[in-house]
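Hi,

Here is the structure I promised to pass on. Have a look at it first, and then read my notes below.

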Amino acid sequence: SELHVLEVPHGGEFLVELEDGSKIWVNAESNLEYLVPFAGKERRVKLSGEAYFQVSKDVQHEFRVHTSMGIVKVLGTSFNVRDYVGEQRVVTTLETGKVAYVSDELKQEVVLTPGFQVQEGKSGEIEMKKVDVIQYIGWREGKYVFEDATLENIMQTLERWYDIDVVYM
């Protein structure tokens, strides 16, 4: 098998369809690594940046998303993973199905149900909370929804999405 690396630049977005039928929408300024052919006992990808996943159900073969801080384990579901280098945290938001997030450092496993999100920060804490999922997955349909976000966070997202530079005077 051969390692494929997809690099999506500022202002870009890309849909990857894997051989098992899973679909991955990769957001701007993100990298996705996966083996081709995408088969075998373990379905595995490595993400840096952000992606929305629709994973085909296959009870025999777990789907795993490797991030900088931990692994998202999946059986068949739709969810979003955000792991941008500058943000110092991994955020997994579940839309449908069920996923488990396993922290590399804490060796702690958190199981999510739809509408919940788990965050792990560089300082080593894991937090789970109920969220408005559209705020975290809307980008896939070209919609950015912000609530209680700082201007800095909003502008950082818009810089990435529209490939612009924002300067504060």
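**What I found**

Strands here are DSSP runs of E with at least two residues, helices are runs of H or I with at least four, and both are numbered from the N terminus. Bear in mind that this is a predicted model, in which local features need pLDDT of at least 70 and side-chain atom pairs count only at pLDDT 80 or more, while totals for chains, interfaces and linings use all residues. Residues are numbered from 1 along each chain as its sequence is written, and side-chain values use heavy atoms, with hydrogens and water left out.

Is Asn80 buried or exposed? Asn80 counts as buried because its relative accessibility is 2% (buried means under 20% relative accessible area, exposed over 50%, partly exposed in between, with a 1.4 Å probe and protein chains only). Its side chain makes a polar contact with the side chain of Trp139, at 2.9 Å. Such a contact is a pair of N or O atoms within 3.5 Å; within protein, one must be able to donate a hydrogen and the other to accept it, and residues adjacent in sequence count only if both atoms are side-chain atoms. Leaving out residues up to four places away in sequence, Asn80 also touches others, including Glu50, Tyr52 and Val91 (contact means heavy atoms within 4.5 Å).

Now the strands. Antiparallel β2 (residues 14-17) and β3 (residues 23-26) are joined by 4 bridges; two strands pair if DSSP finds at least two bridges between them. Phe14 has Val26 in β3 as its bridge partner. The two strands, β2 and β3, form a hairpin with 5 residues between them, and Gly21 in the turn has a positive phi of about 95°. On to β5 (residues 43-54): β3 runs antiparallel to it, again with 4 bridges, and Ile24 stands opposite Phe53 there.

Ile24 and Phe53 turn up again in the largest nonpolar core, where they are among the residues with the most contacts. That core has 28 residues, and β5 gives the most to it, with 4. A nonpolar core is a set of buried Ala, Val, Leu, Ile, Met, Phe, Trp, Tyr and Cys residues joined through side-chain atoms within 4.5 Å. Apart from it lies another core of 7 residues, among them Tyr52 and Trp161.

Overall, the protein chain has 2 helices and 13 strands, and 43% of its 169 residues count as buried. Its C-alpha trace spans about 55 × 30 × 25 Å along the principal axes.

Cheers
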